[in-house]
Amino acid sequence: MLAQAVLERLPEISRDVAQPLEARVEALISAMTLEEKVTQMLHDSPAIERLGVPAYNWWNECSHGVARAGLSTVFPHAIGLAATWDTELLDHVGQVISDEARAKHHHAAREGRVEIYGGLTFWTPNINIVRDPRWGRAQETFGEDPFLTGRLAVVFIKALQGDHPEYLKLAACAKHYAAHSGPEHLRHSFDTQVSLYDLWDTYLPAFEACVRDANVESVMGAYTRTNGEACCASPTLIGDILRTRWQFAGHFVSDCGAIEDIADQHKLVDSYAAAAALAVREGCDLCCGCAYEALVEAVEGALVGEAQLDQCLRRLYLTRFRLGMFDPVERVPYAQISIDVVGQAEHRALARVAACESIVLLKNTGVLPLDKHLASIAVIGPNAHDLTAQLGNYHGTPVQPMTVLEGIQQAVGEGAQIHYAAGCDIINPDETGFAAALRAAQASDVVVFVGGLSQVLEGEDLQDEGVPPGTTSQGDRVSIELPAIQERLLQQLHETGKPVVLVLFGGSAVAIPWAANSLDAIVHAWYPGEAGEAVADVLFGACNPAGRLPLTFYRSTDDLPDFHSYDMRGRTYRYFDGEVLYPFGYGLSYTTFQYAALSLSAESVAPDGRVRVTVEVANTGSRAGAEVVQVYVRRLSPPGTRAPRWALRGFQRVQLDAGEQQSVIFDLNGKAFASVTEDGQSVVLAGDYEVCVSGQSPTRTAAHVCARISVP
């Protein structure tokens, strides 16, 4: 028992910036009652006035801008940011988001507001791997590849968290740990059965990168079970892998309601007290939900010890202290960022650049870029003038947004006449708008159709309202084909004989074989955020498109395995053997690039060695452009251990003037040649390997240069 005099000094010690951080945290926790400790393990933590602890809500989001909290700069959704393959851009975007987050937080604090979506702990990024394009939350991720996802996530997390030696700018969170990518309608009860091979080859690498390379402050557990264990109370995922193997020192948070699910849906225990005790024992520090309210009962019933609550609180309060929440505001450098930065012109300009860089040119027969001096342009489609569709999910309110239609109108000014007609809905089979759309097309020199997907068809745990039965399943698509109503209108527009440019919105792959065969040009704009004018920049050539696909575009839903299966065989460019519509890494430009003179610095590489890869890349076209140079590795021999067909091991986005040639260099270590065994161990097997460099994942028709190397 602490002496009364010591107890009285504990709050004072916690505020003493001269004391070691751990001592300050320990002093505060030691002064709390059991009931107070429990309240601090809930995402909506009340104040403890007698200790000077302010109320705090841990829940905030910023996957492509500060979300759900009023004004902010809205960048392309995460899948669009991934399509840039631009780590420098991701760094700039992360810095802008964290500037705006800090500004908004301190502005609210000065006004005495403590509320959800107002804190400094952001449950971002979502680094789940898109194993199947039907998953409605693919838009929140960085795509289907573990290496690309990990590289982008590390850069983004570092930008969010800052580089101050003492203070975190924000606390980022890698979610949803670990193997989670649908189905949405079963997420509260689903048991993900996944082999150790797939777990370590596909689902865990990005999380490991976030922990080891970015020092991410937080990890969020998924709603689901993985191989029988609740993800938010998993001794394997949390204790063995995260805490022990990776030495994760930050805090672990449940997805919202996931602790309740342990009892209500997974039926692993029979009460919230037992569910909360299980989660705490296995290392879940914070409950988004109400189940941890039962922890007083759990401690009194000897289901969990108070010392285990203390360990959770240490991790939680280390985060709060590192964010500067208990220090004088003038001591915290990030607290000085003015609210005036939110949505400022420089930030809006970056959002436009990011959207331009994200757009992928899938097809072009020469109709693009459009001439601004055309007499007339038909702008048609359900997404042409729909800001809500543009923003995706988890978004803020942009200061000066612009739709695609408005961007086109701005681009042509007083020149071309714009004929606009929505033409049809995203999915509902009502053709009454076709006539107006066809009249617009017939009166124009070219047709720009802006359609694809929206939050009506894909998202998080949707209610399937306003769509025909069998179209979606609570946010997941039942099929990946372009909605039939849009394809029918496109076919009739094509029959007018006018050139047709298809602009797709969407957070994942869309199967468009007819359009790919028939239309004049196709661009994928993802969910471009506030800057719809970026689409116009690409269409009229102010921006030379250089986005590259972060996931595979399949030809048909029939190409996909069972959506409920987490076996990676037959999925993504790494394991799919069929013919695809557009491959991972693919994207066209208004110029052309050529690869030559691939060289490796050695003929063999040891498992602990390094090899330098050098390739000459030339812009052989007539205008400047960016190319994403991609390095892939595959094992040629010996057979035995399962391995992907190809594995991305490096990429650089390089800008080249017309006629310019550049040597692009990659340094690969022995891990680039590693395989995962069936029991989940990473090994570098002796044998022959092939290293290929190109502007997309290698296929039978892709232009690429390759060289062989051996591992002795």
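The largest cavity has a volume of about 100 Å³. The structure is a predicted model, in which local features need pLDDT of at least 70, side-chain atom pairs count only at pLDDT 80 or more, and totals for chains, interfaces and linings use all residues. Residues are numbered from 1 along each chain as its sequence is written, and side-chain values use heavy atoms, with hydrogens and water left out.

On a 1 Å grid over the protein atoms alone, a cavity is a set of points where a 1.4 Å probe fits but cannot get out; a pocket is an open set with protein on both sides within 12 Å along at least five of seven lines; lining residues have an atom within 4 Å of a point. Grid points are joined across faces, edges and corners, and a volume is the space filled by probe spheres set on the points.

There are three cavities of 30 Å³ or more. Fourteen residues line the largest one, and Val633, Pro644, Ala647, Ala674 and Ser675 lie nearest its centre. Strand E19 (625-635) and strand E20 (647-656) are the elements that give two or more residues to this lining. E19 gives the most, with three residues. Helices (H or I, at least four residues) and strands (E, at least two) are DSSP runs, numbered from the N terminus.

The largest pocket holds about 1200 Å³ of space. Its lining has 38 residues, with Phe147, Pro205, Glu208, Arg649 and Lys671 nearest the centre. Elements supplying at least two lining residues each include helix H6 (146-161), helix H8 (205-212) and strand E21 (661-669). E20 gives the most to the lining of the largest pocket, with six residues.

Ala, Val, Leu, Ile, Met, Phe, Trp, Tyr, Cys and Pro count as nonpolar, Asp, Glu, Lys and Arg as charged, and the others, Gly among them, as polar.

Now the helix pairs. Axes are lines fitted to C-alpha atoms, for helices over the stretch in contact, and angles run from 0 to 180 degrees between N-to-C directions. Helix H2 (residues 21-30) packs on helix H13 (residues 306-322) at about 125 degrees, with axes 9 Å apart. H2 and H13 are therefore oblique to each other (under 35 degrees counts as roughly parallel, over 145 as roughly antiparallel, 65 to 115 as roughly perpendicular and the rest as oblique). Contact means heavy atoms within 4.5 Å. Among the residues that meet are Leu21, Val25 and Ile29 in H2 and Leu313, Tyr317 and Phe321 in H13. By class, this contact has eight nonpolar, no polar and five charged residues.

Helix H5 (residues 87-110) and helix H14 (residues 345-358) pack at about 145 degrees, with their axes 11 Å apart. Leu89, His92, Val93, Val96 and Glu100 in H5 meet His347, Leu350, Ala354 and Glu357 in H14. Five of these residues are nonpolar, two polar and two charged.

Which backbone spots need a look? The peptide bond from tyrosine 177 to alanine 178 is cis, with omega near 10 degrees. Alanine 178 sits in the loop between strand E3 (173-177) and strand E4 (191-192). Leucine 368 and proline 369 are also joined by a cis peptide bond, with omega about 0 degrees. Tyrosine 117 has a positive phi of about 65 degrees, although it is not a glycine. Tyrosine 117 is in the loop between H5 and H6.
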